[in-house]
Amino acid sequence: MEKSKVYFTKEITPESVVRIFEKLQKDLPGKVAVKVHSGEEGNQNYLHPEFMRKMIERVNGTVVECNTAYDGARNTTEKHKELMKDHGWTKYFDVDIMDSEGEDLVLSIPNGKAIKENYVGKNIKNYDSMIILSHFKGHPMGGYGGAIKQLSIGCASSAGKAWIHTAGKTTDQYKLWDYVAEQDKFLESMADSAESVVEFFKGNMAFINIMCNMSVDCDCCSKAEDPCMKDIGILASLDPIAIDEACINLVKNSNDPGKEHFLERVNSRHGTHTIDAATELGYGTKEYELISID
């Protein structure tokens with residue numbers, strides 16, 4: 001497989017998100033879903049709608065999210081909608097909680113390493129293409145959060161999140177913690193489920209990772225650690241594996257002393273196993289060309 005192109009800019013502004021997207025020269029046809037992280041109530045690190053606004057308007061997109069499978073302000077549609085309002089998303093955009101009602105859409109994963117099917121919000125069927133706007137940061141369970149996590153956990157319904165976390169043991173969010181999978185199986189389940197979403201959109205996707213506010217904790221944490229590294233920049237690619245690999249390497253190659261704390265979180269959770277598993281599934285490559293647009 002030839003190297004994937006990953007574009008990079010050190011400039012972190014709403015305008016530079018659009019500028020780096022334009023470098024992809026990717027037409028996203030039809031109705032465009034824009035997957036963001038709405039930010040848990042109390043989280044101080046998530047990227048706000050004002051920052052994303054120019055990019056979302058550029059593709060005339062609908063902001064999409066799915067409910068969580070753990071206690072908080074986003075585990076029911078009613079609460080999640082209220083949070084989206086409180087965080088300002090509905091002020092600027094149409095917002096779709098994709099698993100808000102009706103049965104989930106089940107996507108097949110015939111070659112899955114840990115799971116053979118994925119449960120996503122059924123409203124994903126209403127979209128012709130998707131752009132994944134990821135805030136790259138650490139994660140308490142996955143080690144890190146980037147494009148692959150947004151494709152997998154991010155697009156999974158509440159039931160689907162339980163399914164991924166338990167590597168196919170249950171879709172019951174209230175039994176999730178009774179069946180939490182062995183770590184590598186959980187990471188492989190993320191890689192598996194991400195593949196099913198990539199296959200669903202058949203190439204009509206683009207990925208942007210924003211490396212700022214880089215805490216070891218995710219935006220799903222109501223009480224997250226403050227960022228431990230200085231901001232690095234924005235990356236864009238058509239390959240979700242390459243873009244995550246590039247972000248990990250930018251952290252590793254940084255001279256920021258805070259990277260040791262960040263990488264401890266990644267390595268202690270075996271986080272890059274997700275990238276390795278995704279690569280073996282073949283929907284992208286770790287081989288990339290980093291192209292600076294500055």
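Tutor: Let me begin with a term: a residue is called buried under 20% relative accessible area, exposed over 50%, and partly exposed in between, using a 1.4 Å probe and protein chains only. This is a predicted model, in which local features need pLDDT of at least 70 and side-chain atom pairs count only at pLDDT 80 or more, while totals for chains, interfaces and linings use all residues. Residues are numbered from 1 along each chain as its sequence is written, and side-chain values use heavy atoms, with hydrogens and water left out.

Student: Okay, so is Phe-93 buried or exposed?

Tutor: Phe-93 counts as buried because its relative accessibility is 7%, and Trp-89 counts as buried because its value is 0%.

Student: How are the rings of Trp-89 and Phe-93 arranged?

Tutor: Rings of Phe, Tyr and Trp (its six-membered ring) pair if their centres lie within 6.5 Å, and planes under 30 degrees apart count as stacked, over 60 as edge-to-face and the rest as tilted. The whole structure has six aromatic pairs. In one of them, Trp-89 and Phe-93 are tilted, with 6.2 Å from centre to centre and 40° between the planes. Together with Tyr-92, these two residues make up one aromatic cluster.

Student: Switching topic: how many residues of helix 8 are buried?

Tutor: Twelve of its 13 residues are buried, so helix 8 is mostly covered; helices here are DSSP runs (H or I, at least four residues), strands are E runs of at least two, and both are numbered from the N terminus.

Student: And what caps the N-terminal end of helix 8?

Tutor: Asp-239 does, through a side-chain oxygen that lies 2.8 Å from the backbone nitrogen of Ile-241.

Student: Which way do the residues of strand 7 point?

Tutor: Ser-129, Ile-131, Leu-133 and His-135 point one way, whereas Met-130, Ile-132 and Ser-134 point the other way, and all are buried.

Student: What does strand 7 pair with in the parallel sense over six bridges?

Tutor: That partner is strand 10, residues 205-211, where Met-205 stands opposite Met-130. Strand 2 also runs parallel to strand 7, joined to it by four bridges, and two strands pair if DSSP finds at least two bridges between them.

Student: Last one: how many residues are in the largest nonpolar core?

Tutor: It has 50 residues, and those with the most contacts inside it include Met-130, Met-205 and Tyr-283. Helix 8 gives the most to this core, with eight residues. A nonpolar core is a set of buried Ala, Val, Leu, Ile, Met, Phe, Trp, Tyr and Cys residues joined through side-chain atoms within 4.5 Å.

Methods: A polar contact is a pair of N or O atoms within 3.5 Å; within protein, one must be able to donate a hydrogen and the other to accept it, and residues adjacent in sequence count only if both atoms are side-chain atoms.
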